[in-house]
2 protein chains.
Amino acid sequence: MSPTTEALILSRGRATPARVRVLDCLLRATSALTHGELEERLARDGTLDRVTLYRVLDWLVEQGLAHKISGEDRVWRFNAVGREEHGHAHFRCTRCGQVFCLDDLRPSFALALPPGYVFGSAELTIRGLCPACNTPRV
Amino acid sequence: MSPTTEALILSRGRATPARVRVLDCLLRATSALTHGELEERLARDGTLDRVTLYRVLDWLVEQGLAHKISGEDRVWRFNAVGREEHGHAHFRCTRCGQVFCLDDLRPSFALALPPGYVFGSAELTIRGLCPACNTPRV
DNA sequence: AGTCAACTTGCAACCGAGTTGCATGATAAA
DNA sequence: TTTATCATGCAACTCGGTTGCAAGTTGACT
Ligand SMILES: [Mn+2]
Ligand SMILES: [Mn+2]
Ligand SMILES: [Zn+2]
Ligand SMILES: [Zn+2]
């Protein structure tokens, strides 16, 4: 819909309606979305096949326009990738289950791996309460 | 089998053959094991129902004798818990897929959460090459 | 424009890790 | 020994995700 979304996709391949709709939805979201959540939101303005949605998501990840987060509920969550490559720090709310990307939180760890291990990359997940779930009781 | 394993379980409940066999297998393992890997290893000395294995694993986790690790392949991996509560730092080999617990690696992060978020716990996963996969080419 | 290969979509069937219901077996307390 | 509680085995099920294939769309090249 929005021209920026379409331009983003065009820079990587064919800007099909499905791709534009999905990326648009991801860009608008404030937290990472599951396939099911996307399906629900997209259904509000037309139909989109389950499998097509899976394939569009895979394609977006492949193209670096989105990334997917694995969680404890065996469900992938997807998030549009901003201009900057982030440090993959994520926040999982233990109350509502939502997952937020902490884009500008680049954690610094001091770690010494046991001998023989070769460091590749690190992924940090914080568990706790998100702002919405952290409302003081009335 | 080993008396220590049986004692460990007895301290938490009934030491059934299935529980002893499973925990014994976990204690002997050098990396975290999937349900499938356990099934395979346990099959070598007798039969054990798939569902029973799932339930035994749940029970061990519930009792604090094991803990489970979620990964990118949507498969739980289980690991016996030593005496000390570890800091949940894990190493996932990007070549062989094995997951190792870095028990004595207690990473220190410097992180500042955005306002509104309440810190609960942190989980750190390192990706890279495990010692076995890091053999220099001959 | 017209042709054709490459890509995209939809549908149905499938996969596999994990779960549930229920009947049967073992165990421990009363 | 009776009885309630817990553990096991089997079948059927759930559910997120994948695969095969036929039909539709796109775009490059005559
Ligand atoms: Mn992220
Ligand atoms: Mn661990
Ligand atoms: Zn929340
Ligand atoms: Zn390895």
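## Cysteines

Cys93(A) is buried, its relative accessible area being 2%. The model described here is a predicted one, and in it Cys133(B) is likewise buried, with a relative accessible area of 13%. Both residues count as buried because that term covers values under 20% relative accessible area.

How many disulfides does the structure hold over all chains? The number is zero. A disulfide, in general, is a covalent bond between the sulfur atoms of two cysteines.

## How the two chains are related

The same surface serves both copies, since 97% of the contact residues of chain A recur in chain B.

## The three-stranded sheet of chain A

In chain A, three strands make up an open sheet with the order 1-3-2, and their pairing is antiparallel. Strand 1 (33–34) and strand 2 of chain A are the edge strands, and each has a single partner strand, so one side of each is left without a neighbour in the sheet. Helix 2 (residues 17–28) of chain A packs on this sheet, where it touches strand 1, strand 2 and strand 3 of chain A, and its direction makes about 85 degrees with that of strand 3 of chain A.

Four bridges connect strand 2 of chain A with strand 3 of chain A in the antiparallel sense, and His67(A) is found opposite Asn79(A), which belongs to strand 3 of chain A. Helix 4 (residues 50–62) of chain A lies across strand 2 and strand 3 of chain A, and it runs at about 110 degrees to strand 2 of chain A.

## The three-stranded sheet of chain B

Chain B also has an open sheet of three strands, in the order 1-3-2 and with antiparallel pairing. Its edge strands are strand 1 (33–34) and strand 2 (66–69) of chain B, each of which pairs on one side only. Strand 1 of chain B is joined by two bridges to strand 3 (residues 77–80) of chain B, the two strands running antiparallel, and Thr34(B) has Arg77(B), in strand 3 of chain B, as its bridge partner. Helix 2 (residues 17–28) of chain B lies across strand 1, strand 2 and strand 3 of chain B, at about 85 degrees to strand 3 of chain B.

Where is Arg74(A) found? Arg74(A) belongs to the loop between strand 2 (66–69) and strand 3 (77–80) of chain A. Although Arg74(A) is not a glycine, it has a positive phi of about 60 degrees, and with a relative accessibility of 38% it counts as partly exposed.

In chain B, Arg74(B) is placed in the loop between strand 2 and strand 3. Arg74(B), which is not a glycine either, has a positive phi of about 60 degrees, and its relative accessible area of 37% makes it partly exposed.

## The largest nonpolar core

The largest nonpolar core has 23 residues, and among those with the most contacts inside it are Phe91(A), Leu102(A), Phe91(B) and Ile126(B). Two or more residues of this core come from each of strand 4 (89–93) and strand 7 (118–129) of chain A, as well as from strand 4 (89–93) and strand 7 (118–129) of chain B. In soluble globular proteins, nonpolar side chains tend to be buried together.

Beyond its neighbours within four places in sequence, Phe91(A) is in contact with residues of both chains, including Leu102(A), Ile126(A) and Cys130(A) as well as Leu113(B), Tyr117(B) and Val118(B).

Val99(B) lies in strand 5 (residues 99–101) of chain B and, at 1% relative accessibility, counts as buried. Neighbours within four places in sequence left aside, its contacts include Ser31(B), Ile69(B), Arg77(B) and His90(B). Val99(B) and His88(B), which are eleven residues apart in sequence, are 12 Å apart in space, C-alpha to C-alpha.

His90(B) is located in strand 4 of chain B, and it is buried, with a relative accessible area of 1%. Again leaving aside neighbours within four places in sequence, His90(B) is in contact with several residues, among them His67(B), Ile69(B), Val99(B), Leu124(B) and Ile126(B).

Definitions and conventions:
Residues numbered from 1 in each chain as written. Chains lettered and ligands numbered in written order. Predicted model: local features only at pLDDT ≥ 70, side-chain atom pairs only at ≥ 80, totals over all residues. Heavy atoms only, no water. Contact = heavy atoms within 4.5 Å. Pairing = 2+ DSSP bridges. Axes fitted to C-alpha atoms, helices over the stretch in contact; angles between N-to-C directions. Disulfide = S-S within 2.5 Å. Buried < 20%, exposed > 50% of the residue type's maximum accessible area, 1.4 Å probe, protein only. Core = buried A, V, L, I, M, F, W, Y, C linked by side-chain atoms within 4.5 Å.
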